[in-house]
Amino acid sequence: GQTIIYNVHGNGFLYNMVRTMVGTLINVGIKKNTPEDIEKIILSKDRSKAGQCVPGCGLCLEEVYY
């Protein structure tokens with residue numbers, strides 16, 4: 001199997017946001033969406049246009065800053 005490392009940095013996240021971002025990138029990888037679609041999905045502010053929420057297994061919270 002292959003391992004993909006996806007690092008996300010931010011000052012706040014919505015519920016399942018990172019898992020949905022990964023699902024959207026998977027859609028690009030399987031050619032369901034194009035890389036150009038990412039901006040359109042974000043600007044639409046319609047989460048239903050994004051990829052599926054992937055399972056949380058394998059996700060790791062490494063650090064929190066206060």
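A: A pocket is an open set of points on a 1 Å grid over the protein atoms alone, where a 1.4 Å probe fits, with protein on both sides within 12 Å along at least five of seven lines; lining residues have an atom within 4 Å of a point. This is a predicted model, in which local features need pLDDT of at least 70 and side-chain atom pairs count only at pLDDT 80 or more, while totals for linings use all residues. Residues are numbered from 1 along each chain, and side-chain values use heavy atoms.

Q: Which residues lie nearest the centre of the largest pocket, and how many line it?
A: Its lining has 29 residues, with Tyr6, Asn7, Val8, Val18 and Cys60 nearest the centre.

Q: What is the volume of the second largest pocket?
A: It is about 360 Å³. The second largest pocket is lined by 14 residues, and Thr20, Met21, Ile41, Ile42 and Ala50 are the closest to its centre. Helices are DSSP runs (H or I, at least four residues); those giving two or more residues to this lining are H1 (17–29) and H2 (35–44). H1 provides the largest share, five residues.

Q: How many disulfides are there?
A: A disulfide is a covalent bond between the sulfur atoms of two cysteines. The criterion is a pair of cysteine sulfur atoms within 2.5 Å, and the count is zero. For Cys53, the nearest cysteine sulfur, that of Cys57, is 11 Å away. For Cys60, the nearest is also that of Cys57, 13 Å away.

Definitions and conventions:
Grid points are joined across faces, edges and corners, and a volume is the space filled by probe spheres set on the points.
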